[in-house]
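Some points on this model for your review follow. Please read them alongside the coordinates.

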Amino acid sequence: MEKNGLEEELNKINKEPYKGVRDFYPEDMFVQNYIFDVMRKIVESFGYTEYSASILEPTSLYKAKSGQEIVNEQTYTFTDRGGREVTLRPEMTPTLARMVAKRKRDLVFPLRWYSIPNMFRYERPQKGRLREHWQLNVDIFGVKSIDADVEIISLAYILMKKFGAKDNDFEIRVNSRKILNSIFRNFLNLDEEEVKNLMKLIDRKEKIGKDDFEAELSIILGEKSDAFIKILKIKNILDFSSVLPKELVESEGVKDIQILINKLRDMGIKNVIFSPGLVRGFDYYTSTVFEIYDTNPNNNRAMFGGGRYDDLLDIFGEDKIPAIGFGMGDVTIRDFLETHKLLPNHKAKVCLYICTLTDEYISHANKIAIKLRENDLNVEVDLTSKKVSDQLSLANKKGIPFVVCVGENEVKTGKYKIKNMDTGEEKEIKFDQISNFISSIKTL
RNA sequence: GCGACUAUAGUUUAAUGGUAAAACCUCAGUUUGUGGAACUGAAGUCGAGAGUUCAAUUCUCUCUAGUCGCCCCA
């Protein structure tokens, strides 16, 4: 009786992963690796090099700039045995800024760095937002001019294209914190509290619908809300002159964005639009902000984005270094690829499966497998000693392209029949030609 | 932290106040050195706890988990 009770207890251990995090079964890893491979390939083609860091950071790193609420309510924070406050990183940029600040004098600028770290946020999971995710971070430090903005945004564009997205699948929205600030302060004459409320409201615009948005807007802005609605509708930055006073139209922020958009269009990136309502959550952005937006009406939302943060090194007491970058999360891009059927089919990494006629041939199979692996061939040996037909069926399920059977004949003659699992054809060749044979077919 | 909905086999789904079914998957076989098909068979399930009832997988409550919103937004 006691034993049963104990067994029952043991059986109760839950098989589900911890809330908001994922298990990655081989088929998931295949997708994950594909996504990471594309990311690496593209950013490296732009000259970015990889860095990494521990997932643990002192909590103080996030208190300075990320925004109080994120630290207090949305991080995994604990006290270690030495009484230190520790946080599982909720984003990579502070870590990156810390690393850059520390080695500032050794590093060669402009600095092009990337990483694909995982990060944690304590919040309620929902579509596209889990408690743990991986995020490509691409940043360039040390370039003040708008050309860094151009490079980063064009990189994001190329990345989307490489994933198979078409120009009309997504749109690149750009804005500048500088423009927003001058509109808020100089044109609308808002105080800090009002700015905050307005930013929040703009952020919710797509969600709450036009009527609610305009109603709430008029509470904050009063008679100026009509003018502001006009501003938000602008898609071409040149139209600013019709709604804003001259000194704003000629401000640095507006000019920069004009140049940015023109340069991107000039490079053939046509799906860039000016989006005066684009805010983004972080406090540390200083001018350019951008978002890659899914144009599919069923999934109308920002997939990823970034911006310029020229002042972030302040928090380490260092001189400022201009910087711009973005983060692309694996969950959202995976959703996107699934919706648009852009994920590649699974392909076996093993190219040769060795069937053994009976278990006495397993040793021989192992011997030839070792030699073939020396030639960089991925080889799997069947250990089941099932019937040959079952072993073939196994190879078939695994999607392995070639099979060879080892039995009496092969051991005697040193010749092997290689079966192509796609065509069903068999070819008898000598052992030392197997590698060449498979390589020649694989490259075709 | 708040709200709505959901929970049946490894997966996708049925049915039912009298302890459950199908498909796919898995395993075994259709006589033994060649797979993808077909056929035969096997294994496997009511998220947890409490209540109502003669009887609960079904009704009620609590918890847990998931999904989708709100808040927040890398």
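1. Helices (H or I, at least four residues) and strands (E, at least two) are taken as DSSP runs, numbered from the N terminus. Residues are numbered from 1 along each chain as its sequence is written, and chains are lettered from A and ligands numbered from 1 in the order in which they are written. This is a predicted model, in which local features need pLDDT of at least 70 and side-chain atom pairs count only at pLDDT 80 or more, while totals for chains, interfaces and linings use all residues.

2. The surface near RNA strand B (a residue is near if its C-beta atom, placed from the backbone, lies within 6 Å of the strand) draws at least two residues from each of α8 (192–203), β12 (323–329), α17 (388–398), α18 (408–413) and β16 (415–420). Helix α17 contributes the most, six residues.

3. On confidence, pLDDT (the predictor's confidence in each residue, from 0 to 100) averages 87 for chain A, and 94% of the residues score at least 70. Over residues 1–11 the pLDDT is below 50. Where pLDDT is low, the predicted coordinates should not be read in detail. For the complex, the predictor gives an ipTM of 0.86 and a pTM of 0.89.

Conventions. Contact = placed C-beta atoms within 7 Å.
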